[in-house]
Amino acid sequence: MPGETFTEMGRDMDEGIEAARLLVSYGYEALDVDVGSYDSWYWSHPPMYQAKGLYVPYARQLHEACPEIPLIVAGRMDDPDLAAAATADGTATLVSLARPTLADPEIVNKLQRGRRDLVRPCISCQEGCIGRIEKCSSLRCAVNPLAARELERPLPQATDRTRMRVLIVGGGVAGMEAARVLAERGHLPVLHEASERLGGVVIAGGQPSFKEDDLALIAWYERQLAELGVEVHLGSRVDAELIRRSGADHVLIATGSTPRLLDLGEGVPVVEATDALLDQDSLGERVVIVGGGTSGCELAISLRERGIEVTIVEALADVLKKNAPTCMANHAMLHDLVAYRGVEVLAGVRAEHVTDAGLLVSVDGEERLVPAQTVVTAIGYKPRHELEAEVKAAGIPYHVIGDARRCANIMYAIWDGFEVASQLAK
């Protein structure tokens, strides 16, 4: 793990440097620096849990040993300041941007124009790229639905005859992506978000230190919608009356999801994971998380960074059995981080009810008290699309998109918004 004291096994750093010297002697013109192997996928395919520029320290050692050979350095190098520093001190001759270029093929051109703010960020989820290659043998990108299909799916432009006014209910990533695509096609999207901020559940999901690119993605969407002139109404709760007087030709219901709740009785506070992520410092010094999916594990690691004692209570045989990341590198690293960060895991255990001292759980038919100042439930979400009846009653054509249709992740929410918005009134 990053920061762990360990003994290198197999081909170690010294042998790697010696191999580099041999390659230089054979006439190689450049070396591409990598770290890791298929026994530690989260080093050779670094997820968001790895630091930006994680290969730079190793490239520096290689540069000092072989200063005459140009080095190509990858590994989450999409921060322009980090990349510039690595090239300025001679560590890297070239910076390799593979996943960031999938997320935004124009990243280099935008940086050259000084428009860093327009770069669509790679969130290092690896759902669409490495994960799909592993599972589906088809390269894509979670945040860029057109990646690897640019010629297959050019966006059809609206005409005076086909131009539509589209009411979008919900400002999460599905709603924002739909608004962006519709505006680029020349339609007239009008987006209403009940809260005072765009982003939906991704705002909470982006709170851990290792998820900062999720928040950068929200900021990118905000800038895109502003530049495209999309009409956005914040703090605007849509009801049947608003739908009737909207003048919309089509409605996209992107109202997201609601957390599944667990009745644990009276005792210490019981908080849902989304609320816990948004206010981690209020949870106390000892927290129990019910649910060991991705959200529960990421919250646990984030709390451990704050020095909070954390126990995960999971009914299945292990954490990340459900809703785990698609990519093996992300799944493996998150799983290993839970243990490495000192999170206690009680697997095959059922949460019963809270007391004034913590959470009572059932282990092999016997009750056990797990001390806690706060219990957090992270047991998933369910679609929220109660406005569907009102839209039907108004007689307006509609689609349900994103988590409102099916709870999944950022990738499927964005893809949902893109696919519907790119095909309306072709």
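User: Which backbone oxygen lies 3.4 Å from a polar atom of the side chain of Lys 211?
Analyst: In this predicted model, the oxygen belongs to Gly 205.

User: Where does Lys 211 lie?
Analyst: Lys 211 belongs to the loop that runs between helix H9 (202–205) and helix H10 (212–227).

User: And is Lys 211 buried or exposed?
Analyst: Lys 211 is buried, because its relative accessibility is 10% and the term applies under 20%.

User: What is Lys 211 in contact with, leaving aside neighbours within four places in sequence?
Analyst: With those neighbours set aside, the contacts of Lys 211 are Met 48, Gly 205, Gly 206 and Glu 298.

User: Let us turn to salt bridges. How many does a search of the whole structure find?
Analyst: The search returns 26 salt bridges.

User: Which residue does Asp 213 pair with, and how far apart are the closest N and O atoms?
Analyst: Asp 213 forms a salt bridge with Arg 76, and the closest N and O atoms are 3.1 Å apart. This pair links distant parts of the chain: Asp 213 is in helix H10, whereas Arg 76 is in the loop between strand E2 (71–73) and helix H4 (80–88), 137 residues apart.

User: Are Asp 213 and Arg 76 buried or exposed?
Analyst: Asp 213 is buried, with a relative accessible area of 9%. Arg 76 is buried as well, at 6%.

User: Which residues are linked with Arg 76 and Asp 213 in a network of salt bridges?
Analyst: The network also includes Lys 52 and Asp 78.

User: What about the backbone of Arg 76; what is its phi?
Analyst: Phi of Arg 76 is near 55°, which is a positive value in a residue other than glycine. Asp 364 is another non-glycine residue with a positive phi, in its case near 50°.

User: Where is Asp 364 found, and is Asp 364 buried or exposed?
Analyst: Asp 364 is in the loop between strand E14 (358–363) and E15. Its relative accessible area is 75%, so Asp 364 is exposed. Arg 76, by contrast, is buried at 6%.

User: Strand E15 came up there. Which residue of that strand is tied to Glu 344?
Analyst: The partner is Arg 368, and the salt bridge has its closest N and O atoms 3.5 Å apart. Glu 344 lies in strand E12 (residues 344–347) and Arg 368 in strand E15 (residues 366–371), so the bridge ties together parts that are 24 residues apart in sequence. Glu 344 is partly exposed at 31% relative accessibility, and Arg 368 is partly exposed at 37%.

User: What does Arg 304 form a salt bridge with?
Analyst: Arg 304 forms a salt bridge with Glu 309, with 3.6 Å between the closest N and O atoms. Arg 304 is partly exposed, with a relative accessible area of 21%, and Glu 309 is partly exposed at 38%.

User: Changing topic: how many disulfides does the structure hold?
Analyst: The structure holds 0 disulfides. Cys 327, for instance, is in no disulfide, and the nearest cysteine sulfur, that of Cys 129, is 7.0 Å away.

User: Is Cys 327 buried or exposed, and what of Cys 66?
Analyst: Cys 327 is buried, with a relative accessible area of 0%. Cys 66 is also buried, at 1%.

User: What about Ile 401; where is that residue found?
Analyst: Ile 401 sits in the loop between strand E18 (398–400) and helix H16 (410–423), and Ile 401 is buried at 1% relative accessibility.

User: How far is Ile 401 from Leu 252, in sequence and in space?
Analyst: The two are 149 residues apart in sequence and 6.9 Å apart in space, C-alpha to C-alpha. Leu 252 is among the residues that Ile 401 touches, beyond four places away in sequence; others include Ala 174, Ile 253, Asp 416 and Val 420.

User: Finally, the surface: which residues make the nonpolar patch of about 350 Å²?
Analyst: The patch is made by Leu 22, Tyr 26 and Tyr 28. Tyr 28 is in the loop between helix H1 (13–25) and strand E1 (31–33), and is partly exposed, with a relative accessible area of 46%.

Definitions and conventions
Residues are numbered from 1 along each chain as its sequence is written. This is a predicted model: local features need pLDDT of at least 70, side-chain atom pairs count only at pLDDT 80 or more; totals for chains, interfaces and linings use all residues. Side-chain values use heavy atoms; hydrogens and water are left out. Patches are made of residues with over 30% relative accessible area and no salt bridge: like charges are joined within 9 Å, nonpolar side chains (Val, Leu, Ile, Met, Phe, Trp, Tyr) within 5 Å. Accessible areas come from the Shrake-Rupley method with a 1.4 Å probe; for residues, only the protein chains shown count as cover. A salt bridge is a side-chain nitrogen of Lys or Arg within 4 Å of a carboxyl oxygen of Asp or Glu. Helices (H or I, at least four residues) and strands (E, at least two) are DSSP runs, numbered from the N terminus. Buried means under 20% relative accessible area, exposed over 50%, partly exposed in between (1.4 Å probe, protein chains only). A polar contact is a pair of N or O atoms within 3.5 Å; within protein, one must be able to donate a hydrogen and the other to accept it, and residues adjacent in sequence count only if both atoms are side-chain atoms. Contact means heavy atoms within 4.5 Å. A disulfide is a pair of cysteine sulfur atoms within 2.5 Å.
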